[in-house]
Amino acid sequence: MNRAQRRSKLRRREHNTALTMAKAKWVHDAAHELERERQRQRDMWIACVACNAAFGIGSKRIYAYLNELVKASEEWAEMAQGADEEYADEKLRLKLEQVCGVKIPYLFDDEEQKAKEAACDATRT
């Protein structure tokens, strides 16, 4: 095997390494998405069990609840796709405030404030 053949073989190996890394990332992302979907399903089951325990919602009325839950999540997804997730979250928060009649805090408001303060401190030093 001459020098050109050996170099060509090395170049192909690098290419294969890049493909292997890309496949590994895809598999990791797919596994992560599957885990998130499982968590969503688990959360829905927990919500159904809690509705049954708190309000005595049985097998007939739980379907109405699940249909409304799916409808609300689809509405949120449409708003997020139309504008952005922040906008959709804010609209959902405002609707929940209207339903509950109490002030609902922003999502992760305290963490965001701490991050802003840390960024300001970092720029000062």
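1. Among contacts (heavy atoms within 4.5 Å) in the protein chain between residues at least 6 apart in sequence, 3% join residues at least 24 apart. This is a predicted model: local features need pLDDT of at least 70, side-chain atom pairs count only at pLDDT 80 or more, and totals for chains, interfaces and linings use all residues. Residues are numbered from 1 along each chain as its sequence is written, and side-chain values use heavy atoms, with hydrogens and water left out.

2. The order from the N terminus is α-α-α-α.

3. Of the 125 residues, 7% count as buried. Buried means under 20% relative accessible area, exposed over 50%, and partly exposed in between (1.4 Å probe, protein chains only).

4. Helix H3 covers residues 85–100. Its 16 residues should span 22 Å at 1.5 Å a residue, and its end C-alpha atoms are 22 Å apart, which agrees. The expected span is 1.5 Å times one less than the number of residues. Gly-101 follows H3, with a positive phi near 80°.

5. Which residues of H3 are buried? They are Ala-88, Arg-93 and Glu-97. Their cover includes helix H2 (59–82).

6. The disulfide count is 0, where a disulfide is a pair of cysteine sulfur atoms within 2.5 Å. For Cys-48, the nearest cysteine sulfur is that of Cys-51, 6.5 Å away. Cys-48 counts as buried because its relative accessibility is 15%. Cys-100 is partly exposed, at 44%.

Terms used
Helix = DSSP H or I, 4+ residues; strand = E, 2+ residues; numbered from the N terminus.
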